[in-house]
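Hello,

Here is the structure I promised to pass on to you.

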There are 2 protein chains.
Amino acid sequence: MERRSFVKHAGLAGILAAGSAPAFAQAQPEIKWRCASSFPKSLDTLFGTSEMITKRVAALTDGKFQIQMYAAGEIVPAFGVVDAVQNATIQACHTAPYYFFGKDPTFAFSCAIPFGLTSRQQNAWMYHGGGLQLMRDFFKGYNIYNFPAGNCGVQMGGWFRKEIKTVADLKGLKMRIGGTGGLVMQKLGVVPQQIPAGDIYPSLEKGTIDAAEWIGPYDDERLGLYKIAKNYYYPGWWEGGTEFDMFVNMKAFDELPKTYQAAFESACAEGNIDMQAKYDALNPPALRRLLANGVQLRPFSNEILATCYKTTTEVYDEIASKNANFAKVYGPWKEFRASQNEWFAVAENRYDGFMIAAQRAARTAAKK
Amino acid sequence: MERRSFVKHAGLAGILAAGSAPAFAQAQPEIKWRCASSFPKSLDTLFGTSEMITKRVAALTDGKFQIQMYAAGEIVPAFGVVDAVQNATIQACHTAPYYFFGKDPTFAFSCAIPFGLTSRQQNAWMYHGGGLQLMRDFFKGYNIYNFPAGNCGVQMGGWFRKEIKTVADLKGLKMRIGGTGGLVMQKLGVVPQQIPAGDIYPSLEKGTIDAAEWIGPYDDERLGLYKIAKNYYYPGWWEGGTEFDMFVNMKAFDELPKTYQAAFESACAEGNIDMQAKYDALNPPALRRLLANGVQLRPFSNEILATCYKTTTEVYDEIASKNANFAKVYGPWKEFRASQNEWFAVAENRYDGFMIAAQRAARTAAKK
């Protein structure tokens with residue numbers, strides 16, 4: 001009801017602005033928002049997607065709904081964007097929600113948690129598995145509506161100066177790692193550090209940290225991490241399909257005309273699929289370039305993955321026992337994950353496995 | 001240039017229609033389109049996505065751009081939709097482009113071809129790998145713009161009355177199989193038949209066919225195929241990530257105001273991600289129900305997959321040698337597929353493999 005009365009008011013404002021314009025101008029008031037990103041402009045994948053979304057919103061509303069994007073630090077620091085949206089300093093932000101696991105670890109379900117859902121599974125959970133509703137209930141406490149607005153797929157495990165052969169090799173390692181993954185790593189002796197994109201390279205170069213995970217070949221190459229640490233591990237088991245969100249101040253969104261709400265929602269969904277497609281197109285050639293630069297591609301051993309998985313489950317049980325928000329999401333999320341993996345084990349996994357082997361054989365044959 | 005002048009013209013028409021309405025009414029003329037689906041209304045996944053898209057378009061345009069959906073056969077037969085769009089009998093259709101491989105096998109690149117791209121890879125190719133441009137060049141010959149508007153992921157290999165243990169068991173099999181997959185099957189002795197969704201069950205029941213592939217657990221369950229043939233094979237190697245398209249008559253699209261064009265494009269992208277999410281959420285519980293109904297889940301053997309892969313490559317080379325349209329797309333597509341599989345073999349595949357094994361172990365432990 002409040003929204004309806006506001007729309008009417010905005011319509012009146014529109015009429016005043018347009019002078020003698022007739023009643024149907026109500027539907028198209030001019031609205032300007034500010035949206036802060038947690039990422040620098042140089043990341044054309046992450047920052048680029050938020051720009052794609054805001055441009056699309058403008059195109060859908062005939063230029064009437066303008067959302068100005070700001071890079072991390074321009075008007076709000078990278079990790080200050082949630083406070084700014086909550087307090088309505090800005091109307092929206094584009095971020096990786098797990099950055100805010102210190103406020104509440106529940107944030108991370110709208111992003112990535114260790115051994116969590118893959119990109120497709122995350123979308124299934126959000127759009128058709130009850131996830132969006134669960135997360136909306138949670139974010140209400142922050143005056144926020146969350147909109148899935150990007151995904152990068154399974155991340156790489158990051159850059160290590162030294163080889164990591166066993167769990168014991170993790171001990172004492174100072175590592176840049178975001179979100180809940182850091183909590184698990186801490187249990188295994190790692191000293192986790194949350195450092196924004198722009199500061200990772202200098203931290204690794206100066207030796208403030210020994211290792212750093214960021215995203216995957218394309219973004220990692222741009223940060224230049226391969227110039228310092230040559231061991232490139234996979235998979236990033238703490239990010240099986242990282243979702244990036246648009247967070248919007250609830251009052252600001254409720255006050256929008258319905259067509260603008262639809263425009264924002266639709267553009268975010270488009271941004272969601274577009275970012276994943278962009279990463280999937282850009283990562284393969286970037287990986288080839290990295291390998292040509294002497295990067296050593298190394299899988300985490302089964303021992304490391306199994307130990308981390310066990311520790312992760314313990315961490316989740318511990319958090320759930322103390323945090324009702326987390327527990328409320330964790331139960332249904334865990335069931336969803338189980339049923340997803342049961343299904344993906346069938347047609348998807350057999351197809352992927354066959355294709356990877358067939359294409360590898362073709363590459364080998366071509367080299368001969 | 002032609003489009004611009006037309007939009008201007010449409011704007012003038014809008015002004016005439018609205019009588020004394022002022023100049024900015026140009027942007028929002030009332031437009032009605034008819035869109036025919038190749039699928040029956042009962043398929044809430046396929047037909048449901050086209051409805052989601054058209055409802056979104058209406059919401060984005062304040063109800064001014066109305067696209068009426070028609071189920072297969074209502075105004076155009078399932079396999080007649082391309083002719084109808086080409087001839088401007090209707091403005092748009094929602095279909096699986098490989099149904100039209102008889103017109104030209106090149107159609108199938110915008111859908112699925114055997115041992116082709118997975119859902120994510122298909123999106124990467126279309127949106128950021130040059131695929132959309134290549135396909136737009138091709139579809140120009142049919143007066144059509146294609147828009148990716150749905151994907152179902154890796155399909156199942158279908159329902160077989162008898163077990164298929166070797167390539168020899170395929171000989172003489174009358175099978176419902178769509179698209180290019182049928183061409184490959186034919187080389188291996190299968191008699192392929194293209195039958196629309198609504199007729200598959202009676203054909204299998206009457207024994208007109210011995211086997212039928214449709215999509216995956218959720219849709220297959222609705223067609224009731226498990227009641228007749230209990231052997232459920234995987235993967236559907238002829239459909240690694242089937243894209244469904246909106247085809248639009250070029251003149252009709254060019255005549256739309258720019259905001260409506262944006263609305264249509266954005267809604268299709270949203271439909272694309274939404275359909276995949278819906279399938280991924282619905283398939284796991286459907287598979288469980290099918291298994292509870294006595295369905296036998298069986299993987300195609302390595303011998304069968306390897307032989308089919310080899311035959312597929314021969315079929316592609318043969319088509320490419322005779323068909324310039326196909327050859328123009330096949331070259332870059334093949335390179336893209338190779339580089340995708342090189343990358344997916346790294347983080348994605350190791351993560352999937354670990355998660356599937358870990359969740360399987362958890363299920364086994366829970367049963368004890």
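**Where the two chains meet**

Chain A and chain B bury about 7,200 Å² between them, and 65% of that area lies on carbon and sulfur atoms. Please keep in mind that this is a predicted model. On the chain A side, the residues that lose the most area to chain B are A:Trp343, A:Arg350 and A:Tyr351, which together account for 11% of what that side buries. Counting contacts, 80 residues of chain A touch 80 residues of chain B.

**How the copies are related**

Chain A can be superposed on chain B by a rotation of 180° with 0.0 Å of shift along the axis, and the RMSD is 0.0 Å. That is the relation of a two-fold axis. The same surface serves both copies, as 100% of the contact residues of chain A recur in chain B.

**Polar links and the elements behind them**

There are 6 salt bridges between chain A and chain B. One to look up joins A:Arg120 to B:Asp280, with the closest N and O atoms 2.8 Å apart. Across the interface, 23 residue pairs are in polar contact.

Which elements of chain A give two or more residues to the side that touches chain B? They are the helices α2 (46-60), α4 (119-128), α10 (258-292), α11 (302-322), α12 (324-344) and α13 (347-367), along with the strand β11 (296-299). The largest share comes from α10(A), with 20 residues. By residue type, the side of chain A that touches chain B divides into 42 nonpolar, 22 polar and 16 charged residues.

**A helix to look at within chain A**

One more stop is helix α6 of chain A, residues 179-187. Its buried residues are A:Gly179, A:Thr180, A:Gly181, A:Gly182, A:Val184 and A:Met185. What do they pack against? The buried residues of α6(A) pack against β6 (174-176), β7 (191-193) and α11 of chain A. After α6(A) comes A:Gly189, whose phi is positive, near 100°.

Happy browsing, and write back with any questions.

Best wishes

Note on methods
Residues numbered from 1 in each chain as written. Chains lettered and ligands numbered in written order. Predicted model: local features only at pLDDT ≥ 70, side-chain atom pairs only at ≥ 80, totals over all residues. Heavy atoms only, no water. Least-squares fit on C-alpha atoms with pLDDT ≥ 70 in both. Contact = heavy atoms within 4.5 Å. Buried area = accessible area lost by both parts, 1.4 Å probe. Salt bridge = Lys/Arg side-chain N within 4 Å of Asp/Glu carboxyl O. Polar contact = N/O pair within 3.5 Å; in protein donor to acceptor, adjacent residues only side chain to side chain. Helix = DSSP H or I, 4+ residues; strand = E, 2+ residues; numbered from the N terminus. Nonpolar A, V, L, I, M, F, W, Y, C, P; charged D, E, K, R; others polar. Buried < 20%, exposed > 50% of the residue type's maximum accessible area, 1.4 Å probe, protein only.
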